There are 2 protein chains.
Amino acid sequence: MKINQLPKYLKEVDGELWFEEFEVEKKNLKITYKVNKVLSYLKSPYQEIALIDTAAFGPCLALDGIMQSTSADGFIYNEMITHIPVLTHKKPEKVLVIGGGDCGAVRELSKYEELKTIDMVELDEIVTRECIKFLPNISGGANFDKRVNFKFGDGVQYVKNTDIKYDVIVVDSPDPEGPAKDLFGEEFYKNVKKTLNSDGVMVCQSESPMLHRDIIESTRKILKDNFKIVKTYVAFVPTYPGGLWSFTMASDVYDPCNIDVDRLPLNTRYLTKQIVKSCFDLPNFISDLK
Amino acid sequence: MKINQLPKYLKEVDGELWFEEFEVEKKNLKITYKVNKVLSYLKSPYQEIALIDTAAFGPCLALDGIMQSTSADGFIYNEMITHIPVLTHKKPEKVLVIGGGDCGAVRELSKYEELKTIDMVELDEIVTRECIKFLPNISGGANFDKRVNFKFGDGVQYVKNTDIKYDVIVVDSPDPEGPAKDLFGEEFYKNVKKTLNSDGVMVCQSESPMLHRDIIESTRKILKDNFKIVKTYVAFVPTYPGGLWSFTMASDVYDPCNIDVDRLPLNTRYLTKQIVKSCFDLPNFISDLK
């Protein structure tokens, strides 16, 4: 790939290649990664997809210049967004992942023998293909559990139109920019609720409590208007701006204060039985979230 | 201040000023902050001291181009490095802070009525003077509690030569580069132990478990060779590369599993009674630290 073909977020500085990421929206903070090699760079009908091998965090996926998954810390995000809702539900069998193109979420879900169906509705098939090829640390490569079903298409339309009911729905969305914007709106969450069994549990990533407090609060408001129990939890995700990341879960029946830690699979790299509980202990400066 | 006088880590890009920080040592990751204004920039006998007002995190202190304290998240670091050792000690009266030039640590310590003496040995008086002036969110400004005593000088020499004994010693050092390197060596920690009462507690910042695992492990080894109880705990510090930050405490008598959470002052912004305990629940990927 010639330098003059590189996207604007890949820059050559003093003979080194650097990936430059602006903090979403306010654009007053950048994280910049030294790049060993551009593994793949292409445009799908939806977005620019770059797989880059970085010196600090290994192979990474970036969409439209925003870092999504890194080999070094992708497991933290993927463990947090899957194990917490599955353990909160008392007897989950059918799980839906919306988004999750890097396949890290379905890989974590496959660790639960009790699950019978793991559906994944990802908009951009090319993202998934590229992550299977270049991010095996996250996707696990091409050998998926036979319970995993890929349904490539628009998650917003899927929950609007499907008649299937799920026990757990994981909304694994990118930042609320471009095609993902609808994944943060009320109509979408009403359809998520419709697509859950009456005792279902849903979870979404709700951005940084440091930098995007408005997004957490608007997400929590929508969920509180539609579910009886709404709880936000946090984890370290070093490669996301702000470091501390939030997830918000909702259910009409199950409260995570009764979470069943003993069902946690043994082979997690971030989560321990203690953290499954303590991730809900919010620091004072965000415990007053509306 | 004219642009041609700016240090190399302050760069003008398209008419905007940016502060560019390289991750220490490996230099394969950068965090870059949009700068509203350079509040002060000067060279002391020890280092370059820059106070800059950033768009994302407000006024910040940088030493030799490395971000040390920000108005937005400085409280997290300062609460973690002070409250945990003070609460671990059963009846602390005399506390020593080594480093801590931004005065955030002594400000937190002042919240404990039970403390009688709070000594601070900072190498560089000019850092403290500048933080009092430009970082009031962290330093609290010039109105210090009357128990606080500033003893400007070399902390390494201080613990070698003093006859005073303390109940708690807080080693609030910058990264192990330049003048701070000795603060990570065995001779220094032996002298810290000598300067503690027999039931004393010490704590140091032990860098990022993601990016500087070697530093945590070498620090833990030195402490384990010199103290009976050594425990590492973690917190989110968004503006440090890697997001997740570690602290390591040591004592011959007090174990933090018996920490007295009820003594936690009410006016903390990060710490809650739950987090005082759960900060010791390390994620699986670092729970195998040597």
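Q: What makes about 2,100 Å² the area buried between domain 1 of chain A and domain 2 of chain A?

A: Buried area is the accessible area (1.4 Å probe) that two parts lose on being put together, summed over both, and for domain 1 and domain 2 of chain A that sum is about 2,100 Å², of which carbon and sulfur atoms give 64%. This is a predicted model, in which local features need pLDDT of at least 70 and side-chain atom pairs count only at pLDDT 80 or more, while totals for chains, interfaces and linings use all residues. Residues are numbered from 1 along each chain as its sequence is written, chains are lettered from A in the order in which they are written, and side-chain values use heavy atoms, with hydrogens and water left out.

Q: How do you know the count of salt bridges between domain 1 and domain 2 of chain A?

A: A salt bridge requires a side-chain nitrogen of Lys or Arg within 4 Å of a carboxyl oxygen of Asp or Glu, and the count between these two domains is zero. A polar contact, by contrast, is a pair of N or O atoms within 3.5 Å, where within protein one must be able to donate a hydrogen and the other to accept it, and residues adjacent in sequence count only if both atoms are side-chain atoms; across this interface the rule finds five such residue pairs, both residues at pLDDT 80 or more.

Q: How many residues of chain B and of chain A are said to be in contact?

A: Contact means heavy atoms within 4.5 Å, and the contact takes 39 residues from chain B and 39 residues from chain A. Chain B and chain A bury about 3,100 Å² between them, 70% of it on carbon and sulfur atoms. B:Asn28, B:Phe236 and B:Asn284 supply 20% of the area that chain B buries against chain A, more than any other three residues.

Q: Why are strand S3 of chain A and S3(B) called paired?

A: Strands are DSSP runs of E, at least two residues long, numbered from the N terminus, and two strands pair if DSSP finds at least two bridges between them. Five bridges join strand S3 (residues 29–43) of chain A to S3(B), so the two strands, which run antiparallel, meet that condition. The bridge partner of A:Thr32 in S3(B) is B:Lys30.

Definitions and conventions. Helices (H or I, at least four residues) and strands (E, at least two) are DSSP runs, numbered from the N terminus.
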